[in-house]
Amino acid sequence: ANFNGLKVGRDAVFRGTVFQGPVDFVSADIGEQFNAQGAQFQNEKEKADFNGLKVGQSAVFRGTVFQGPLDFCGADIGRQFNAEGAQFQNEKEKADFNGLKVGRDAFFKDAIFQGPVDFVSADIGGQFSARRAEFKSSDEAIFEALKVGGPVFFEGAEFCGPVDLNHAHFANLLMGGKPIPELNLEHTRIDRELRIWGTEIDRLKARNLVVQGAVLLNQVAIKEEADLRYVRFQTLDLLKVRWPKQQDKVRLEGLTYRAISAGDKSEDPVKLLAWLDHARFHSQPYRQLESCWQQHGEQDWGDEAFLRMKKREAREKPLRIGLWAWTWFLIGLAGYGRKPFRPVLWMLGLICLSFFAFGNPEDMVAKKTSTQAVYANPALTGLYGEKDKILEEKGWEHYSWFWYTIDLMLPVDLEVAKYYEPKYILAWWYARGLPLVGWIIIAALAASLTGLFELKGHIREH
């Protein structure tokens with residue numbers, strides 16, 4: 001049936017027509033409506049060829065049956081393309097809509113695709129609806145570089161093979177309700193909202209995905225792989241999302257957003273930190289979460305995200321002994337700068353310990369000092385009376401364990417510590433190490449208060 005180059009001023013109606021042989025509508029030009037509702041294209045070997053078809057208003061294929069190959073490459077439909085309930089029954093040859101252009105809406109609701117389907121570079125001005133459509137082929141359903149000015153609906157759509165939406169551009173994308181073997185959203189751009197719910201996805205590939213609005217994943221189970229590297233969102237809501245069990249299969253480096261939630265506000269921080277801990281390690285996701293919480297006034301949780309990052313960094317690189325030891329030392333000493341007053345607690349703890357080491361004057365030995373040294377030292381002259389100018393056994397009568405400890409710890413000379421020393425060996429060694437520990441604590445306190453612990457760059461991860 002050869003309609004090649006057919007030109008009709010208004011409508012061309014083939015409703016209910018049965019075509020048993022090849023059909024050729026190549027470059028046909030229909031002024032208003034092309035109506036093939038309920039038609040049957042029964043030839044299984046030769047394609048129904050609508051390549052370059054031009055329709056001024058609408059093309060109607062509602063309930064139409066295509067038993068053989070189909071070619072709508074480069075077709076140009078002025079307003080609406082309607083293939084609701086259409087059946088594309090050929091299991092080997094693809095239904096080819098490559099480069100299809102529709103001025104407003106394209107409807108494939110409840111359509112059945114038994115074989116491969118190709119919407120590469122199709123351009124839909126309004127919405128694209130494939131609600132409850134069935135894509136039966138195990139081959140990839142290709143929507144690469146598909147451009148849709150309005151929302152895209154795959155609600156309840158059944159996919160038996162991978163879904164390729166990479167480099168596509170939509171206003172909204174809504175899908176869910178049926179399992180998806182693989183969903184490819186790499187380099188896809190969505191101007192408003194991405195919503196996926198009530199589904200299982202074996203592999204989610206979304207590297208470099210950009211969503212200008214909100215992203216909602218609700219009751220989604222990602223089983224084998226989740227690649228969200230360098231994805232950009234405005235807001236991200238994760239409600240009852242399950243991620244792959246293997247950490248290496250969850251990639252979050254480069255993920256950015258302005259707000260994030262895990263559903264229950266009271267449990268948000270715990271769930272989100274657990275999410276990062278379950279992903280392949282990279283410092284950037286922790287930094288991003290820290291920054292997000294800080295911007296929303298959650299400073300404590302921001303600090304917790306930072307500390308989780310440092311702790312995991314130490315765990316992930318145990319063979320780098322120096323880095324591992326230094327990291328845990330700084331975490332314990334001052335929370336890596338995020339717990340600025342923790343050094344004060346360490347100092348108070350050392351003072352309490354010093355009571356047991358130096359608290360009993362009888363356990364201290366007064367150092368021998370000559371009379372000339374006593375007279376020549378104004379501090380000693382003011383500290384001791386005439387009868388005690390030579391410090392002997394009675395020197396401990398003027399001894400204070402507290403000021404002795406402070407003199408050892410602080411980088412100042414209070415003229416106390418150098419005239420006494422512990423009698424027992426453990427206390428003696430403790431007194432020798434206390435100045436070094438004191439210096440470290442003072443340095444940690446100063447570094448915490450001035451922000452010197454902050455890293456100026458990112459450590460390279462592999």
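This is a predicted model: local features need pLDDT of at least 70, side-chain atom pairs count only at pLDDT 80 or more; totals for chains, interfaces and linings use all residues.
**Stop 1: the seven-strand sheet**

Select strands E3, E7, E11, E15, E19, E23 and E27. They form an open sheet in that order, with parallel pairing. Its edges are E3 (18–19) and E27 (158–159), each of which pairs on one side only. Now zoom in on E19 (residues 112–113) and E23 (residues 134–135). Two bridges join this parallel pair. Pick Ile-112, and its bridge partner in E23 is Glu-134.

**Stop 2**

Show the side chains of Arg-132 and Asp-110. They form a salt bridge, with the closest N and O atoms 3.0 Å apart. Arg-132 is in the loop between E22 (128–129) and E23, and Asp-110 is in the loop between E18 (105–107) and E19, so the contact ties together parts 22 residues apart in sequence. Arg-132 is partly exposed, at 44% relative accessibility. Asp-110 is also partly exposed, at 34%.

**Stop 3: E31 to E33**

Select Asp-202 and Lys-223. Their side chains meet in a salt bridge of 3.9 Å, N to O. Asp-202 belongs to E31 (residues 189–205) and Lys-223 to E33, so this pair links parts that are 21 residues apart in sequence. Lys-223 has 46% relative accessibility and counts as partly exposed.

**Stop 4: strand E34 and its neighbours**

Move to E34 (residues 235–239). Leu-236 and Leu-238 make up its covered face. Thr-235, Asp-237 and Leu-239 are on the uncovered one. E33 (residues 214–227) pairs with E34 in the parallel sense over five bridges. Here, Ala-214 stands opposite Thr-235. E36 (residues 259–261) also runs parallel to E34, joined by three bridges. Asp-237 has Ser-261 of E36 as its bridge partner.

**Stop 5: helix H2**

Select Arg-287 and Glu-290. Their salt bridge has its closest N and O atoms 4.0 Å apart. The two residues are three apart in H2 (residues 283–295), which means about one helical turn separates them. Are they buried or exposed? Both Arg-287 and Glu-290 are buried.

**Stop 6: a nonpolar patch**

Finish with Val-344, Leu-345 and Leu-348. Together they make a nonpolar surface patch of about 260 Å². Val-344 sits in H5 (residues 342–358). Its relative accessibility of 32% makes Val-344 partly exposed.

Methods: Residues are numbered from 1 along each chain as its sequence is written. Side-chain values use heavy atoms; hydrogens and water are left out. Buried means under 20% relative accessible area, exposed over 50%, partly exposed in between (1.4 Å probe, protein chains only). Helices (H or I, at least four residues) and strands (E, at least two) are DSSP runs, numbered from the N terminus. Two strands pair if DSSP finds at least two bridges between them. Patches are made of residues with over 30% relative accessible area and no salt bridge: like charges are joined within 9 Å, nonpolar side chains (Val, Leu, Ile, Met, Phe, Trp, Tyr) within 5 Å. Accessible areas come from the Shrake-Rupley method with a 1.4 Å probe; for residues, only the protein chains shown count as cover.
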